[in-house]
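Dear colleague,

Please find the structure below.

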Amino acid sequence: MNSFLPELSNVYFNYLLLSSVLFCIGVIGVIIRKNIIIIFMSIELMLNAVNLLLVNFSNMHNDPNGQVFVFFIMVVAAAEVTVGLAILVMVYRNTGSVNIDTLKNLKG
Amino acid sequence: MNALIATSVLGLFAMISEIIGLKKWIWLISTIGIAGILGLTVYEAIAMNGTQEVFYGMMRQDNFSSIFSGLLLFITLLWFLLAKDHYREGNHANPSDQSALIIFATVGGLILTSYTNLTMLFLGIEIVSIPMFILAGSDKKNILSNESSLKYFIMGAFATGIMLFGIALLYGATGSFDLAGISNGLQMTFQNPNMIFLVLIGITFLMVGLAFKVSAAPFHFWVPDVYEGAPTVITAFMSTFVKTAAFVAFLRLFGYGFSHYGESWMKLFENYPIWWYQLLFLAAITILVGNIIAVSQNNLKRTLAYSGIAQAGYVLLTIIVPTADTTSALFIYTASYSIATLVAFTALYHVQKAKNDYSFDAFRGLGKSNPGIAVVLTLAMLSLGGIPPTLGFFAKFYLFKSILALQPEFIFIILLAILGSLISLYYYFKVIISMFGGEETSTKVEINLSDRIILYAVAALIIILGLIPGILLELGSMII
């Protein structure tokens, strides 16, 4: 199964597959969903897939740096989604909708 | 690194200045503060001997970081000087918040010039981006500003996610976040290509994430919308400071992490063919898309956004082969682009404020009613188009020359870039022709005397540095 990554043992490879799948679900969610809150959730899913992958590789290399990085990602993701929700509230006050299709004024 | 701490303190001070009743003085405090920090950076650079690891090896102070920090602080200083009118009473409701956010973004830029660890790359990118999401939406009642802010947020967070996935895969392959560690890990990977799959996907993802930030095609689609919707002064900051900071981060990653500055570039080409072609593809597509779509625009703000995309394509050429010469070319090119774009956006800001319109029609007859602004905008356009004797000509010439000097095979991409510049002349001259050619229909644009003097002085820099580029060349040659 993992013939193209022979150095990875099966456990690490399975985690790699799992986080890749989660990441892809997040990317697809950002691209196809219309509700802005769901888009934010998809972005969080992408970041959490990265966290899982980092912990996996950290375990593989026996190196704590990867797990420290995970804390940085958690903190920054929290800060980022705070700003995002504030922007969303501002948009909702002006348009009365959380659908991404209401925002089509800028084009050319 | 004291400059970084001083900038953070200045940001915090700007944030609380509204509470302690200094709201009226916020522009003066920020400008003097940034000027002081620029002085501190220069002093530190002169006093520094050799390189110096700071923050437990997460960052390193070297000539690269000092000179690019100086450039970024200089851009911020110019922005504050040119945005004076924006900070006058009644023009903006929350001047101290806005100042604080701009200064915090500057902190992120300073981190991006000096990181040696991918953790700091991630934090720097986020510290630059998050204030910009807020600032893009700072015109709260305006639906266009809201839309711009939300689009910027979603694209920015998406790009960060992709970049982080790349970092994680690269960590899996090399076992390190440190640029030197990654460089060593990659050497080992190429001798024993078991992890090559992870490395290639990881670097591609990292490259895509950064390409979003520098607005390279095909990841440029958010740029025109975000730039058009955001308030004009903020657009000026986004298209100069943020782009320059992202390019410096890109160069530091590729220069120190994925290749060695000391190595001959031919060896690099043998070792890393796929990244090389990916970057070449990105640069070629960016130059073509930016220039061709810009031709069909009918307002100056969007045209400048597409012109920024096209200029990003030229700068990407230097990252393909990071050597001392191309690093110097990147420094000169981003400096020239930033000065000209800031001047153009400031002229646009004043015209837009007077006429409430930023299409090309608003500039009709400006040459007769406001010859000063018309001449300044003409200078900026000539510099962006690369017409001598402006700084833009020298920057473009030096960039193409430094790439051609490495290998004559690059002649095709250089020819493509020159073709792109020829197309760009069409839309830069469209502005100039509508200012000087049209019949006089426009009302006079009123500009405060001090604003006018600052604008003329910055525009004079374009000519002065174009005639005596020795200062920039000298600085550029010291980087590596």
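In which hand does H1(B) pass H4(B)? The crossing is left-handed, a term used if the near helix is turned anticlockwise from the far one by less than a right angle (right-handed if clockwise).

This is a predicted model, in which local features need pLDDT of at least 70 and side-chain atom pairs count only at pLDDT 80 or more, while totals for chains, interfaces and linings use all residues. Residues are numbered from 1 along each chain as its sequence is written, and chains are lettered from A and ligands numbered from 1 in the order in which they are written.

Helix H1 (residues 2–16) and helix H4 (residues 95–114) of chain B have axes 8 Å apart and pack at about 165 degrees. Axes are lines fitted to C-alpha atoms, for helices over the stretch in contact, and angles run from 0 to 180 degrees between N-to-C directions. H1(B) and H4(B) are therefore roughly antiparallel, the word for angles over 145 degrees.

Chain B contains 20 helices and two strands; these are DSSP runs (helices: H or I, at least four residues; strands: E, at least two), numbered from the N terminus. Of its 480 residues, 60% are buried, meaning that 20 or more other C-beta atoms, placed from the backbone, lie within 10 Å of the residue's own. The C-alpha trace spans about 70 × 55 × 40 Å along its principal axes.

A further pair is helix H14 (residues 324–355) and helix H16 (residues 371–385) of chain B, whose axes come within 9 Å and cross at roughly 145 degrees. The crossing of H14(B) and H16(B) is left-handed.

Definitions and conventions. A residue is buried if 20 or more other C-beta atoms lie within 10 Å of its own, exposed if 12 or fewer, and partly exposed in between; C-beta atoms are placed from the backbone. Angles under 35 degrees count as roughly parallel, over 145 as roughly antiparallel, 65 to 115 as roughly perpendicular and the rest as oblique.
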